[in-house]
Amino acid sequence: MLLAAIAACVIPLQAVVNGRLGQILQNPFLAALVSFTGGTIALIVILLITTPGIPTWPDGASPPWYLLTGGFFGVVFVTAILVLVPHIGTANLLAASVAGQLITAIIIDHYGLLGLPQQAISLSRVAGCLLLIGGLLLIQWK
């Protein structure tokens with residue numbers, strides 16, 4: 001949990017950097033492309049450093065089509081950040097993002113979507129989401 005929290009510390013930085021890039025380039029899609037190009041280069045370097053030889057697709061590996069859509073979802077999120085940060089600010093954007101992510105995660109868990117084990121919606125999970133939404137409203141309150 002601590003590692004996840006530490007890793008998440010880069011998200012506000014990413015939001016600000018991408019938001020400013022989108023303003024300067026005056027095109028959120030171009031800014032998203034620049035962002036993903038930088039990420040792709042970083043992943044290539046990491047993959048080459050950590051994997052002996054040239055990485056290959058494993059024989060017989062045939063993931064379902066929907067497991068190949070992660071990059072698309074990243075494009076949706078990063079582009080939304082590029083467009084929204086200048087208008088609503090980083091804190092509002094990330095508060096709304098966390099609330100949306102947790103509500104969606106609870107639905108995914110409840111139905112066991114995408115091959116995950118089912119974990120029923122509980123009163124405490126609903127209360128947690130309501131508290132997050134309350135926190136979002138407090139963050140927006142001036």
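## After helix α5

Just after α5, Gly112 adopts a positive phi of about 65 degrees. Helices here are DSSP runs of H or I with at least four residues, numbered from the N terminus. This is a predicted model, in which local features need pLDDT of at least 70, side-chain atom pairs count only at pLDDT 80 or more, and totals for chains, interfaces and linings use all residues. Residues are numbered from 1 along each chain as its sequence is written, and side-chain values use heavy atoms, with hydrogens and water left out.

Further on, Leu114 sits in the loop between α5 and α6. Leu114 has a positive phi of about 60 degrees although it is not a glycine, and with 57% relative accessibility it counts as exposed. The terms run as follows: buried is under 20% relative accessible area, exposed is over 50%, and partly exposed lies in between (1.4 Å probe, protein chains only). Ser122 belongs to the loop between α5 and α6 as well, and is partly exposed at a relative accessible area of 27%. From Ser122 to Leu82 there are 40 residues in sequence and 34 Å in space, C-alpha to C-alpha.

Let's turn to the helix itself. With 22 residues, α5 reaches 31 Å from its first C-alpha to its last, close to the 32 Å expected at 1.5 Å a residue; the expected span is 1.5 Å times one less than the number of residues. Its buried residues are Asn92, Leu93, Leu94, Ala95, Ser97, Ala99, Ile106 and Asp109. The cover over these buried residues of α5 includes α2, α4 and α6, where contact means heavy atoms within 4.5 Å.

How do α5 and α6 cross? The axes of α5 (residues 90–111) and α6 (residues 123–140) come within 9 Å and cross at roughly 165 degrees. That makes α5 roughly antiparallel to α6, a label for angles over 145 degrees. Axes are lines fitted to C-alpha atoms, for helices over the stretch in contact, with angles from 0 to 180 degrees between N-to-C directions. The crossing is left-handed, meaning that the near helix is turned anticlockwise from the far one by less than a right angle. Among the α5 residues that meet α6 are Ala95, Ala99, Leu102 and Ile106; on the α6 side, the residues include Cys129, Leu132, Ile133 and Leu136.

## Into helix α3

Gln26 is not a glycine, yet has a positive phi of about 55 degrees, and it counts as exposed at 72% relative accessibility. Asn27 then caps the N-terminal end of α3, with a side-chain oxygen 2.9 Å from the backbone nitrogen of Phe29.

Helix α3 (residues 28–50) has 23 residues and reaches 32 Å from its first C-alpha to its last, close to the 33 Å expected at 1.5 Å a residue. Ala31, Ala32 and Ser35 are buried in α3, and the buried residues of this helix pack against α2 (10–25) and α4 (70–88).

## Val78 in helix α4

Which residues does Val78 contact, leaving aside its neighbours within four places in sequence? They are Gln14, Asn18, Ala32, Ser35 and Phe36. Val78 lies in α4 and counts as buried at 6% relative accessibility. Val78 and Ala127 are 49 residues apart in sequence and 28 Å apart in space, C-alpha to C-alpha.

Terms used. Helices (H or I, at least four residues) and strands (E, at least two) are DSSP runs, numbered from the N terminus. A polar contact is a pair of N or O atoms within 3.5 Å; within protein, one must be able to donate a hydrogen and the other to accept it, and residues adjacent in sequence count only if both atoms are side-chain atoms. Angles under 35 degrees count as roughly parallel, over 145 as roughly antiparallel, 65 to 115 as roughly perpendicular and the rest as oblique.
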